[in-house]
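Here is a protein model to walk through together. Have the sequence and the 3D view open, and we'll go from one spot to the next.

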Amino acid sequence: MEAPSCPALLAACLALQLATAWGDGCSSFGNLFTEIAENSTHGSLVAQLPAAGDTGSAGLQLCLAGADAIWFYLDGRSVRLNVSAERALDREELESPVLMVALTCAEDGFSPVEYRIIVQVLNENDNRPHFQGATVLTHNISELAAVHSVVFSTQAEDADGDTLMYVIDTASEMNTKERFNASAHIRVNVLDGDDQYPQFLPCTPRTHHGLTICTSPVYTANVTEGQLQVGTWGHWGWVARWGESCRAELAVSPPTQGGPLSFSPGSVYAEDGDRGLRAAITYSLLAGQESGRFHIDNMTGAITLLQAVESSRSTPAISLSIMASQVNDANKYAVTQAVVRVLAANRHPPRFAHPMYQAFVPAGAREAALLLTFGGHVLALRAHDPDFPEGVNPQVQYSLRPSTNHSQLFQVMPNGLLVARTDRLRPDQTYRLQVLARDEESGETANTTVELEVLWPGQAEPEVVPAGECWGWFQPLTPAPCKGGETALTTPLQRVLGQGQHSITLF
C-alpha cells in the first residue's frame, strides 16, 4: 500500500505533532505486533510507540491509516482502542480476528516512512451455545424400541468454538471457566407398539400371580327347540386365560323372534389390545360338534342360528368357541366361549291338580315335622307341566306367599314337601298356607291352598278322604279306596322317612 502524504491523511486519521522530537527521527520506529481482548473498553492501551530521537532533530508527524484504523487513535506515544456503546470490539463480528493499520511517520526534509501495526483480537467466552434449528422439538419412539437404541439426535453450536458437553435438557461448555449453557425442550412421544392381543369386551381386570389380566366374558344366549327363535339367557361369567372361571346371575330377558342371537352380557365384540393402533378385527367360529348350525359375521361378530335344534333333552346346550384375530396379523388372536342354551317349547303353564289340600301335623316337642294328610301319609305338592315328560318341570320352584306371614313356622322344600315348626304350634290351631309354584325359565306361576289343622300329641290323622277329594303322594304309590267310590294313591309313612330324595307325582 502506497503511503499517502500526511496532509492528505489528516481528514481520516488523528495526527500527533511531536514538536520536541529531534535526532534519529522516523528511523526509531518499526513494525509492531500486539494483541487485545475482545470487548475491551474505550481507551484501552493497544501499543506503546518508541520515544522520539535526540534533541535538535526536525519535527515529526505521525498518523494512522487503513480500513481498520477506525478501531484506534493516537494519544501521544500510545495507540489506544476506539470503541463506543454502539460499536463494540466483538471478535465474532469481525471479518478477521487480526486488525492491521498503517503508521506513517513524516519528518521535515525526509520522505515519509510507513510501518505496520498488527493487532490480534483475543477470543473471550462471551457467547452461549445454541441448538441448531428449533429449540422445541417432538420425536416419536415405539414402546418396542430396544434398550440403548437411538431415540433422537440433536446438535448445538458455540460461536466461541468451545467444546460442548450434552446432558439431559442442556448443552454445557466443557473448557471454559464460565460454563455457559443452553436448553432445548424435546418432547418424546412413546407410540403404542403391536405387542398386545385382541380382547373380548366387556372384559374384567383380574390379578393372577401379581399380574393384571383382562379376562374375557362368556357370552350366553337362548334358542327354543324346533324354532329359529333367539333370546338372552339369565347368567354369564368370565373365563380367565389360565382356565379359571367365575359366574354371576343376571335377569332373564324374554326371547325375541328372528335375526342374530342376542347375547348377554352384550354382543360379541373384541378390540385390539394396543389401544393406540386399533387394528381391525375379524371373527370366526372354531370347528365343533354343533358349530355348523351357526354363522358368524366376520366383521361384526353377529351370530345367527342356521339350523333349528330338534330337542332340548338331547341337546340342552351348545358351546361355541369364538376366535377374534387381527386382520394384519393372524398370529395375534383371542378365543372365548359362547353358550347357547336350548329351551323346551313352552306351551303350557304349570298347574296344581286341586285348588286346596288338607294337611295335619301333631303339636309336639320336636323342632320340625313334615305335614301329613289322610291316613298319616306325607303331603307332597307337585305342579304339573304338560310341556315335560311325565309332567315334571325341573325349573319349577316352590315357595310360600309372603302374605301368609307364616315363614317362621312353615317352610316348603324344593321337592314340594311342607315342614312345620311343631314346637311352636298349639293343638286345635288352624292355618291357611298359600303355596306358589314358579317356572324360573318362563316366569309362569301357579298357586294352591293348604288347610292345616294342628292335632294333639298322639292324635291320629283321619283315615279316609272326604267324598269327592283325592290327594297326591310320594312314589311308589298303591291304590286305596276313596270315600264315594274314588281312589286315592298312598304310600306308608315309614317308607317316606326311610328314603333320602324322592320323585313326586301329583294326581
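Arg-278 is partly exposed, with 46% relative accessible area. Arg-278 has a salt bridge to Glu-271, and their closest N and O atoms are 2.6 Å apart. A salt bridge here means a side-chain nitrogen of Lys or Arg within 4 Å of a carboxyl oxygen of Asp or Glu. Glu-271 counts as buried, at 17% relative accessibility.

Before going on, a word on what you're looking at. This is a predicted model, where local features need pLDDT of at least 70 and side-chain atom pairs count only at pLDDT 80 or more, while totals for chains, interfaces and linings use all residues. Residues are numbered from 1 along each chain as its sequence is written, and side-chain values use heavy atoms, with hydrogens and water left out.

Back to the charges. Side chains of opposite charge can pair when their charged atoms come close. How many salt bridges does the structure hold? There are ten. One of them joins Arg-293 to Glu-310, with 3.5 Å between the closest N and O atoms. This pair links distant parts of the chain, 17 residues apart: Arg-293 is in the loop between β24 (281-285) and β25 (294-296), and Glu-310 is in the loop between β26 (303-305) and β27. Strands like these are DSSP runs (E, at least two residues), as helices are (H or I, at least four), and the numbering starts from the N terminus. Arg-293 is buried, at 10% relative accessible area, whereas Glu-310 counts as exposed at 56%.

Another salt bridge brings together the side chains of Arg-438 and Glu-440, at 3.7 Å from N to O. Arg-438 is partly exposed, at 36%, and Glu-440 is partly exposed too, at 37%.

Now for the rings. A pair of aromatic rings is described by the distance of the centres and the angle of the planes. A search of the whole structure turns up six aromatic pairs. Rings of Phe, Tyr and Trp (its six-membered ring) pair if their centres lie within 6.5 Å; planes under 30 degrees apart count as stacked, over 60 as edge-to-face, and the rest as tilted. Phe-29 and Tyr-115 make a tilted pair, 6.4 Å centre to centre with 40° between the planes. Phe-29 and Tyr-115 are both buried.

Next come Phe-410 and Tyr-431, an edge-to-face pair at 5.2 Å centre to centre and 65° between the planes. Phe-410 lies in strand β34 (residues 410-412) and Tyr-431 in strand β36 (residues 430-439), so this pair ties together parts 21 residues apart in sequence. Phe-410 and Tyr-431 are buried. Elsewhere, Phe-200, Tyr-219 and Phe-263 form one aromatic cluster.

The charged end of Arg-87 sits over the ring of Trp-71, 4.5 Å from its centre; the test is NZ of Lys or CZ of Arg within 6 Å of the ring centre and within 35 degrees of the ring normal.

Is Gln-326 buried or exposed? At 1% relative accessibility, Gln-326 counts as buried. You'll find Gln-326 in strand β27 (residues 317-326). Leaving aside neighbours within four places in sequence, its contacts (heavy atoms within 4.5 Å) include Asp-194, Pro-198, Ala-280 and Lys-332.

Met-165, in strand β12 (residues 164-167), counts as partly exposed at 34% relative accessibility. Met-165 and Asn-181 are 16 residues apart in sequence, and their C-alpha atoms are 9.3 Å apart in space. Val-190, in strand β15 (residues 185-191), is exposed at 61%.

Finally, step back to the whole chain. It has two helices and 39 strands, and buried residues make up 41% of its 507 residues. Among contacts between residues at least 6 apart in sequence, 65% join residues at least 24 apart.

How values were computed: Buried < 20%, exposed > 50% of the residue type's maximum accessible area, 1.4 Å probe, protein only.
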